[in-house]
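Good morning, colleagues. Please look at the sequence and the structure on the screen as I speak.

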Amino acid sequence: MNDIILEAKGIKKYFPIKKGFFMREVGQVKAVDDIDFVIRRGETLGLVGESGCGKSTLGRTLIRLYEPTAGEIKFDGADFLKSSGSDLRNMRRHIQMIFQDPYASLDPRMTVGQIIEQPFVIHNLLEPKERELRVKQLLELVGLKASHVNRYPHEFSGGQRQRISIARAIALEPKLIICDEPVSALDVSIQAQILNLLKDLQERLNLTYVFISHDLSVIEHVCDRIAVMYLGRIVEIASREVLFNNPQHPYTQALMSSIPSIGAGKKKMSRVLTGEIPSPINPPSGCAFHPRCPYKMDICTQKMPLLRGSTEHLRACHLELDQETLLTTQTKELL
Amino acid sequence: MNPVVEVKDLETTFDLKSGPFRAVNRISYSIDQGQTLGIVGESGCGKSVTSFSLMRLIEKPGRVSHGQFFLNGKEVLSLKEHEIEDIRGGQMAMIFQEPMTALNPVLTIGYQMDEQIQKHLNLNAKDSRDRAIEMLQLVGIPSARERYEAYPHQLSGGMRQRAMIAMALSCNPRFLIADEPTTALDVTIQAQILELFQSLQEKMNMTVQFITHDLGVISEVSDKVLVMYGGQTCETGPTQDLLNSPCHPYTAALIESRPRMGHRVSRLKTIEGSVPAPHEFPKGCPFANRCTRVKTECWTEKPSLQQLSHTIERGVACFNPL
């Protein structure tokens, strides 16, 4: 069996900006701009970045909730973007999604049983009796009680609702699940429960995850490989160990040093990054990060850096590696 | 030296249809001049209600039903409404979590600042404008003169939070309450705001009460910590001491359930169940139904805050501490 489950090439998603009486298109938001990557079977790929970096748009494009403006997606070797009709439906069965807000992603007028049964109804699978049994099994699998089947979403807490979303996502035994900030809306003690549940299910059901989050400590906990995004592009992608031990892109380094950590002590914080995230409507020329980058060179304002390095560790930066290691050690000494 | 802030047996009750609910249940603490107290807890633990009670912003069906709050030796909770207006925004100020909802969307930033400055500092229109612009510059807002004329929606999230800090600090408060001031922000912006906050606190020698659910943030900004659960104090103490050797099972579980960078574990420890609904808290210790070290008396009696033997600064409310 092929060990690559999904391959994305040159994915772009531009949203038009329309103005005036005739709604003429006056510009574009380049939410996702020319992204290539692969997802390996059984792994958890993390997408991390700050708001507006395009991580959620990319996640939604991967399951065609948004049609990409350009690019190619191969799922299990077949062309996902060109497929339609029953082929498409069949493929979609294998890619599911868990959303951030468990209050908005469940229909308040449906019972939990109906919600989890929906995927079977849509794909016309199983007899009603079997469905009922399966729904109850799923509820127990995610740590709820089978007797909850006739309750409504509002009767559950945030963590329990997220469990319902998870039950719905795994109902059809998918191969790939896109988790879009699945724990961001939850309290710390509940986050841990959901993260553990996702991990257990991955082992039991042989799932592949794309895990989208802005929280690097959560990303470090769950992901095998991590892609760091900035303004619609991947700036660095590597395995967890490599990325956390040796972050090479200045943005990744800044992101890591911005995380407040327990035990660091009350300290004088050194300002790591100045300025704000630019607008994706009018991104800076060259490297999009250059207005905030502490190592900015002339070339950075003119030329967009491409992802380069070994296949295990790619980064998009003009700095030469040895120059960069030098700078990193200097920064460490300063801190 | 007397502490700037002293809270004694604060109790805030909400008269709900189902009966009275104590959102804050007899909490006491004090903060010395120039120090920061961090209040940590999950949603519904009463940390925001505590702050609103001190600012006298509790509205019906809630009321402060017991307790005292001394600010520089002056009792605040018994003041009349017009007396409190002289203090609120002046001697004590508050920064809210959501700058978009805390600022008035139809008034300019400048107008909202002037209103406060003119009242508390007795300045005329021109001087107050200068003061407002000076404050906006102080918090690092570029082209402060133009921003003074801007409406809240014209600023980004980070800039709005800066504007709110400028507003809160414009009348030189002695006591500042910051209620999750960085929760809605991105991490790199959060780092900028926390840094700004610390340097301003030092410059103005302010006493701060900092509320957050993020233990990492608490660790970096506060001198002392108070951990809340179900409206009660679980544990208090100097920040690093408390985070390094927590005594209350809830504090310990809270620390361990959070993934920490550089300390990867294969499985996170969890706290079973979730925070109960207002009327479903156990009779004794509010944490009893989720605690792994629960004993029989925990169900029937409320543990009081006891000093730890090895240090007078640490307190814990537990019958079976770690």
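Predicted model: local features only at pLDDT ≥ 70, side-chain atom pairs only at ≥ 80, totals over all residues.

Strands here are DSSP E runs of at least two residues, helices are DSSP H or I runs of at least four, and both are numbered from the N terminus; two strands pair if DSSP finds at least two bridges between them.

Residues are numbered from 1 along each chain as its sequence is written, and chains are lettered from A and ligands numbered from 1 in the order in which they are written.

Let us stay with S10(A), residues 233-239. Six of its seven residues are buried, that is, with 20 or more other C-beta atoms within 10 Å of their own, C-beta atoms being placed from the backbone.

I turn to two helices of chain A. Helix H5 (residues 158-170) and helix H6 (residues 188-205) of chain A pack at about 15 degrees, with axes 10 Å apart. Axes are lines fitted to C-alpha atoms, for helices over the stretch in contact, and angles run from 0 to 180 degrees between N-to-C directions. H5(A) and H6(A) are therefore roughly parallel to each other, the term for angles under 35 degrees. Among the residues making the contact are Ile166(A) of H5(A) and Leu197(A) of H6(A); contact requires C-beta atoms, placed from the backbone, within 7 Å.

Next, the interface. In chain B, 43 residues are in contact with 35 residues of chain A. The largest share of that side of chain B, nine residues, is supplied by H8(B).

Finally, chain B has an open sheet of eight strands with mixed pairing, in the order S6-S7-S8-S3-S9-S10-S12-S11. Strands S6 (92-95) and S11 (306-307) of chain B are at the edges with a single partner strand each, so one side of each has no neighbour in the sheet. S11(B) is joined to strand S12 (residues 315-316) of chain B by two bridges, running antiparallel, and Gln307(B) has Gly315(B) as its bridge partner.

Terms used. Parallel < 35°, antiparallel > 145°, perpendicular 65-115°, else oblique. Contact = placed C-beta atoms within 7 Å. Buried ≥ 20, exposed ≤ 12 C-beta atoms within 10 Å, placed from the backbone.
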